[in-house]
Each structure stands twice: as structure tokens, then as C-alpha cells.
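Let's walk through this structure together, one step at a time. Please have a look at the sequence and the model before reading on.

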Amino acid sequence: MYQYDKFDHTFVAERVAHYRAQTLRYLDGKLSEDEFLQLRLRNGLYVQRLAPMLRVAVPYGTLSSDQLRMLAAIARKYDRGYGHLSTRQNMQYNWPELAEVPDILEDLASVEMHAIQTSGNCIRNVTTDEFSGAALDESVDVRPYCEILRQWSTSHPEFDWLPRKFKIAVTGATEDRAAITVHDIGIRAHRDDQDQIVFDIFVGGGLGRTPVVGVLMISGLPVEHLLTYVEAIMRVYNRFGRRDNKYRARIKILVRALTADGFRDRIDEEWMHLKSGPSTLTQDEVDRMRLHFTPPKFDTLPDFTDALAQQRLAEPEFSRWVKHNVTPHKAPGYAVVTLSTKVTGIPPGDVSDEQMDCVADWAEAWSFSELRISHEQNFVIPHVAQNKLLELWGAARAAGMGASNKGLLTDIICCPGGDYCSLANAKSIPVAESIQRRFDDYDYQHDLHELDINISGCMNACGHHHVGHIGILGVDKKGAEFYQISLGGHSGHSGIGATLGQIVGPSFARRDVNDVINKIFDVYLANRTQEEHFLNCFKRIGLEPFKESIYASSD
Amino acid sequence: MPVLIKQTNQTQGEWSVAPLDQPKWQSSDTWSKGTPLILQVDEEPASEYVEASAIAIEFPAFIDGRGLSLAVLLRSRFDFTGELRAVGAVHEDILHYMVRCGFDSFELGDDRDADIALAQIAPYSDHYQASVVNPEPAFRRVNRGHNA
């Protein structure tokens, strides 16, 4: 894991002091509401429907046990004993006091954390594959490059006042768990035929009001040019991105206006001046960053395959959990564990302080004190010896985190929605809960195979509804909450870029959503070939059969 | 009264508050070499601008970052070395970004407090990335050995 040096400690301490002074000036009447808004946003503080919301950065979703214990302590001390895992791998608190935020930031700084640039029109926290450094299908551990980008983008003099927010995602595995093509910049790291690490850079993807899949700007970019190339993109965007209409201000709109080739020409023109300049990465810097992410000292473990099979036979519930929530690890005898937060009755992503402490303890005992937050709003314990899985499962189950539903229909991605968020048009958490209640039966869920349901309470698409196999979007119809349903989206996998879902038709009242979902399942079950997953079935039969069933008149 | 915040000693990073002077700023279509030039944030920089006696960039809103990029281009691509002034919506909390993008004077509106502004010029002792005032990024300047 990355560990701060003196430089980082000094910077973050100065950032806390700076923000404290800004807060005091606001409380003192020296800054207006609108002025302070811009400053607090750059430190992750929103003012929401019920209270301020503080978004803490979890850089590329990686945490240590000590850091998670601090997040638990903050939840106890400054909040109501829980936090929320966001779809961008961050931690959010829903009830902090505005005046206490500087103290929270100081506590965070003590464990090398911050809330810098987690909101506002600036470069946000870089996200990545939650299985980085552990996944079997990974060719490059991208965390060193994520950290390089984090440092470069922190308080950048030129790019902190962009036309709109800016999100970068990076992946280095075959399966794109970071959904890079629905980000403003998506970076795919791989090895070229000389075994050198290179990057393919996608630009202009995004969800929100105008969902677009990003386009490839350059392929095979050598590591040393990463920052200068990104700088060229940012300068073109900062200068030419629209600022007259916030709904037309994301980079995807600029890419569309200039066309992909036109945009690439602009970048190349800019990059010509920057390439091989002082921001070119040095081998020393890359090596320094890689050293921070050397793999833990894995033990040489005896083969546990047979014993695990025995354990699974003896305990069917454990077997289900292994099937869904345990992923192959690159080190022999190890496994990657996903701890689901998706328990019926609890908003997706919400975790209590006690649960955070438990997860921190398990990571310390069984995963070299390392853990992750996934964009599906679950915890990941990345390096667990297979012979400890049963013990971990037992502990997780006792703490309410042992659900065997990763990737299944109840593993719903969901934004905070109208219960908390002042931007939302409709509530999303009760919709998720109601679906979880209705389709709780494990055998039924299992029969449906992998199925992503993503719910957003508004066009901003924090719940990534465009890339859900089933996407649900809250809309406002003359003051009433309605839900628009789309089918066939996915966030990119196995080398295939993301696909955006297709809207089935007119939206539904909340009370009808479950019945509509049920009809969708029925059409799938009636039409699928053996073992065919929902997404493939949808691709084969198209939208029409679903539409017919959903809108068939009942008489 | 609007005031001018101006760098008085570049090497020691000294700044002072002065009464506002009023150069006869010319827009790019009427400007001639040797006179002060005022640019809007959406204008293209040009190589002949290095011969301006001073350049002002007018910020339409304090959250508009285009003027920052324009300043960087004038300083680092066209090597403009004269006075570069931020005018218009100049907010004290943006000063530290502006300084690092190459501005060396600021016209401060009469709704702003010059003392507060002076205190906001350099809230940080160092930064990670390259800038106009420090063209080398930290990784080229600072020994940051593993856990140093």
C-alpha cells in the first residue's frame, strides 16, 4: 500500500489548516454562501437534504485496517454510527456538522487520508479495479499509476476549476472491473510485445444525462508520457469545454462537438509542446511508486482444493458464498473475498461502525491489513488464504456481512437517492429494498445467474443505471416519483467496452416497479437457452419481447 | 476602492498592496506592440503578445479556470516575462492557483479584503506537480525515497 512520506504529510496537514481557515472565514461572515460552496466542495462537503454530507477519498478504493478503524471512529464520534460506501469507492458520512469537518479532516490526516477533490468541478478521486494486485486476470497492477495520477492532480494549479467534474478510472486486467469506458478518461494498462507496460487512453465516456461510451484516443502510450498526455487532454478540456450549460459541460460533449478525430488533433497539438518535458515520468519515480505496491509476502501454502471441497460439501451455505463471493487469486492457495453490504432492510453500501471495525480486524488477521471498497459498494478482502475462508465466512455471517449474493440480483448498486440527496428526483433506497424483499429467495436468485440491477435517483446516475443489466432511474412526473427502466446495459468486461441500456418505454409508479421486474425475469426465464445469462439472452432476443410483456394490457 | 496586489520580490515571494494604477488596457483587436493588452479568457494566445508592456486577463467568474490555462500558455509556451495581471472576478481563494499559473499582480475589487487576500497567496509550502513558478515537479526536485 502507499505510505505517506514527509512531503505528503506536510501537504495534507497544510490542506487541513487551509480548509479550517476557510471554514472559519465562512462562519465569521467573511465568505458568502456561494463562495464557500465552491471551497467546501473541493474538500468533499456537500450540503444535502437533511444535513451536510462529507465524502472521504479512498484513493483507488484501497484501505488499511488502521484507516478503516479511523473511518469507524469518525462514524461514531461525528456521525450516527454508520458510513456509506459510494459507487466511486469512497466513504460518505451523512450527518457531520459543518463546523466539525476540519476536525474530521485532521483525524483523517492522522491515518494518511483526506477528502481532497471528492466533489466540485475538478479532477476527482481516481478509481480502479477493486481486485488490483490480487486478481488472476491482471497483467498490470495499476495502483502505482493511480497514485502518480492522484499526486499530480492534487491541487493542480490549472485544473481545479474545470467546466465540470472529471473522473479517471484505470484498469490492468482482462475483465474491466473499473468500467473505464464510462469515465471522462479511462486508462487500460497492458504489456506490449516487448513486455513493456503501456496505456490505452479512452476519453469522453460518462453516464449522467447524456450517457456515452468513451473513444480510444491513443493506444500503446509508454509509461513515461502518462502525465504529459493527460495534461494535454485536461488543457484542451479546460479551455474549450462548455461553461454556459452545466448539462453540456462534461468532456464527452466537447469530444462529440469536435469529433473524436478533431479532439485527438487538439490533444496532439497540445501534447507536442509537453511531451518529454519536465513532467515526463522518471524511472526513479515509477520505481519508487512500484515499491509502495510490492505484493505482500505470501506464504507457500499446501494445496487446499480437496479440503475446501469437503468444507463446501459439509456446509451448503458456505458453498454458495464461495461460489459467488470468492474470486481466484494470482497467488496459489489464496483467494479474493467480497463481503456484501447488500442485506435486505439496509441501504446498499451502508455499514455500521462495528462492521467497519470487524472488517478491519479480519483484514488484519487474514489479509496483511489490506482491504478494498468496490464500486458495487461492497468490501473486498483481497489476500485470504483458502484455508481461512471458512473462518472468515463464519465471522462475516455473525456480523451481517456474509450474504452470498455478489453479482446476483439482490447485490444492487444504488445511490443515496431522495432520502438524502438534494439533487434526486426520486427515492432509490426503498426501491432497492423492495426488490430485495420480493426476490429474496436464494434458489430463485441463483437460477437467474449474474444479474446487475443499478438504481439512480436522478439523471446524475450515481447508481450507474445506464450500465445495469436492469437499470432503474428515478424521474419526477408532476411532483410524483416515477421510475424509468432500461435493459441490456453493462459496464464492460472480458475486453468488451461498456454498453448502455435501452429504455423499455414509459416510466412506472414505485408500486409497480416490482411487478415490472418480475415480468422481465419471466421473459428471460421463458426465452433463455440453457445456462444463458440475462445479458446474452437480451442481446439475442432484443428489447421487443420484454416490452410486449411489460406493457401488455391486463384485460 | 479597488486595490492592486503585486509581487515586489519574486525570489523571496514578497507581495504588497498598492493603490490601483490604471494602464490603458487595449483589447486584442486594437492593441499595438509596447502597450498594455487585455485578454478575455476565451481568446487564443499569440506570439506577438510577448511585446505587450503588460497583459491583463479578465476573469468572468472566479470559478472559471480558462484564464489559468491562458496564463500558463502565455508564460510557458510564449515566454511572456512582463507583468501578468488578473482582473475581473478575482477571489482571494483563487490567488494561490493564479500565482502558480504565472500571474504576478491582481486587481482586487472593493468587496474584497486586501489583508485576507495577502494571507491566501501561498497556503502551501510545496506542491506535487510542475507549475509556471516551479517548472519541475516534486519528483524531480525532492528526494522522496521510499518512506523518506
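Predicted model: local features only at pLDDT ≥ 70, side-chain atom pairs only at ≥ 80, totals over all residues.

Residues are numbered from 1 along each chain as its sequence is written, chains are lettered from A and ligands numbered from 1 in the order in which they are written, and side-chain values use heavy atoms, with hydrogens and water left out.

Let's begin in chain B, where 7 strands form an open sheet with mixed pairing, in the order 2-1-7-6-5-4-3. Strands here are DSSP runs (E, at least two residues), as are helices (H or I, at least four), numbered from the N terminus; two strands pair if DSSP finds at least two bridges between them. Strand 2 (14-19) and strand 3 (26-27) of chain B each have a single partner strand, so one side of each lacks a neighbour in the sheet. Strand 3 of chain B runs parallel to strand 4 (residues 37-40) of chain B, joined by 2 bridges; Q26(B) has L37(B) as its bridge partner there.

Helix 1 (residues 66-77) of chain B packs on this sheet, touching strand 4, strand 5 (54-59) and strand 6 (83-88) of chain B. Touching, or contact, means heavy atoms within 4.5 Å. Strand 4 and strand 5 of chain B are also parallel, with 4 bridges between them, and L39(B) stands opposite I57(B) of strand 5.

Now for the meeting of the chains. How many residues does the contact take from each chain? It takes 51 residues from chain A and 45 residues from chain B. The area buried between them is about 4,100 Å², with carbon and sulfur atoms giving 54%; buried area is the accessible area (1.4 Å probe) that two parts lose on being put together, summed over both. In chain A, the residues losing the most area to chain B are F7(A), W161(A) and R239(A), together 19% of what that side buries.

Helix 1 of chain A provides 10 residues, the largest share of the side of chain A that touches chain B.

Terms used:
Axes fitted to C-alpha atoms, helices over the stretch in contact; angles between N-to-C directions.
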